[in-house]
Amino acid sequence: MAQNPDPSKPVPDQTKPLSAASPVRTIPSDTGKAPQAGTALCLSGGGYRAMVFHIGAIWRLHEAGMLKPLKRISSVSGGSITAAMLALAWPKLTAAPFSRPAFEAEFVKPLRALAGRTIDVAAVAIGLLPGVTVSQRIAAAYDTIFKGKTLQDLPDEPRFVINATNVQTGSLWRFMKPYMADYRVGVVDRPQVSLADAVTASSAFPPVLSPMQLPLDPAEVREVDGNDLHQEPYISGAVLSDGGVYDNLGLETAWKNYDTILVSDGGGHIDPEGAPATDWPRHSYRVLNLIDNQVRALRKRQVIDSYQAPPADANHRNGTYWGIRTNIADYHLPDPLPCPHDRTLALAAISTRLASLDDAQQQKLINWGYAVCDAALRRHMNVAPPPPVFPFPAAGV
């Protein structure tokens with residue numbers, strides 16, 4: 001892996017946004033340069049199940065002192081709900097060492113309140129009415145915790161990247177504070193998009209919550225090198241779907257830019273069906289799940305292979321992966337937190353929906369995210385053991 005030739009000088013900023021006067025060139029995060037030194041965290045999709053699972057992982061990262069140094073947090077779908085709340089809480093959480101009362105008040109409680117509400121059924125039902133869309137209803141529900149904040153309310157560092165899929169171009173659509181972009185269409189600098197709308201686009205699970213239509217002002221869509229679709233109708237509006245359609249781990253923008261990659265995977269799993277439905281709605285849904293499963297498998301293989309590649313290989317990355325379906329025994333630690341695999345698989349089987357989770361389910365998911373993250377960090381990142389209890393000891397997993 002290429003290194004910075006002079007350690008006394010900073011690595012050139014590959015992600016600095018271009019000004020309006022900048023010459024036409026590639027989108028900043030697609031420069032093709034070697035990854036910078038730094039750690040990025042990827043938060044997968046998976047509905048409320050993943051959203052709550054990631055709370056536990058972030059809890060452990062913060063306790064271990066690994067949250068504040070992060071350079072990038074890249075998310076899709078359910079992981080984007082968690083990431084957006086983390087971004088809003090970031091200044092207070094990172095101003096001092098880990099404090100459970102502050103962590104719960106600023107970050108955990110709003111997400112748990114959302115997880116206690118079913119919002120997908122009502123959104124779909126009301127979205128069938130004239131003049132109302134499903135995405136508008138989902139965004140309104142998200143805004144109960146985001147409270148009108150926009151992408152401009154995200155911290156400058158770390159870089160939070162909320163990923164969606166552009167259905168028009170088949171490419172990744174990235175929402176960030178400095179810009180939002182599709183490499184085929186162009187760049188919008190300093191977007192004023194609400195955080196609720198960005199997360200809605202990222203979590204627009206097909207078929208029922210997709211698509212989310214994002215209006216654009218053509219005058220604000222700046223052309224950069226390689227934009228083969230910088231033209232109407234692409235520069236007047238983006239038709240967006242779940243970021244997991246393109247990349248269910250939120251891996252791409254992190255893996256391209258940093259040399260250490262942490263992946264928290266709360267994604268689901270598709271079980272065999274001996275007699276799959278043949279009517280077109282249920283059959284189409286089954287096929288969508290198969291595609292989603294394959295996308296996740298390919299991205300997981302990419303990141304695991306990068307950990308195992310020789311250090312001199314350009315594809316080599318440091319870091320670790322933990323998943324909701326992981327068997328904690330596979331980390332071969334002498335003292336992991338007690339997480340029987342049959343119980344954690346039951347948590348992994350919670351449906352990929354925005355449907356209410358009761359207190360016990362939430363606590364177990366947080367405990368499991370915390371425990372498996374801890375095991376991965378101790379096994380692969382030389383992190384010291386945690387306190388000998390779960391965040392919610394009475395709940396277990």
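How many bridges join strand 1 to strand 2, and do these strands run parallel or antiparallel? Four bridges join them, and the two strands run parallel. The views below come from a predicted model.

**Figure 1. Overview of the chain.** The chain holds ten helices and eleven strands. Of its 397 residues, 54% are buried. Among contacts with a separation of 6 or more, 75% link residues 24 or more positions apart. The accessible surface comes to about 16,800 Å². Carbon and sulfur atoms contribute 56% of that surface.

**Figure 2. Strand 1 pairs with strand 2.** Strand 1 covers residues 36-43. Leucine 43 has serine 75 of strand 2 as its bridge partner. Between the two strands, the chain passes through helix 1, residues 47-63. This β-α-β crossover is right-handed.

**Figure 3. Strand 2 is enclosed.** Strand 2 spans residues 72-76. Five of its five residues are buried, so the strand is largely enclosed by the rest of the structure. In a regular strand, side chains alternate between the two faces of the sheet. Here Arg72, Ser74 and Val76 point one way. Ile73 and Ser75 point the other way. Residues on both sides are buried.

**Figure 4. Strand 3 pairs with strand 2.** Five bridges join strand 2 to strand 3, residues 159-166. These strands run parallel. Valine 76 stands opposite asparagine 163 of strand 3.

**Figure 5. The largest nonpolar core.** In soluble globular proteins, nonpolar side chains tend to be buried together. The largest nonpolar core in this model has 93 residues. Phe107, Phe175 and Trp322 have the most contacts inside it. Helix 10, residues 359-380, supplies the largest share of this core, with ten residues.

**Figure 6. Surroundings of phenylalanine 175.** Residues up to four places away in sequence are not counted here. Phenylalanine 175 touches Phe160, Val161, Ile162 and Ala164, among others. Its other contacts include Leu151, Met180, Val193, Ala198, Ala201, Leu214 and Leu240.

**Figure 7. A second core.** A second, separate core has twelve residues. Among them are Ala40, Ala254, Tyr258 and Ile261.

Figure 8. Cysteine 42 has 0% relative accessibility, so it counts as buried. Cysteine 373 also counts as buried, because its relative accessibility is 0%. The cut-off for buried is under 20% relative accessible area. A search of the whole structure finds zero disulfides.

How values were computed
Residues numbered from 1 in each chain as written. Predicted model: local features only at pLDDT ≥ 70, side-chain atom pairs only at ≥ 80, totals over all residues. Heavy atoms only, no water. Buried < 20%, exposed > 50% of the residue type's maximum accessible area, 1.4 Å probe, protein only. Contact = heavy atoms within 4.5 Å. Areas by Shrake-Rupley, 256 points an atom, 1.4 Å probe, with all protein chains shown as cover. Pairing = 2+ DSSP bridges. Right-handed = clockwise from strand over helix to strand, strands pointing away. Disulfide = S-S within 2.5 Å. Core = buried A, V, L, I, M, F, W, Y, C linked by side-chain atoms within 4.5 Å.
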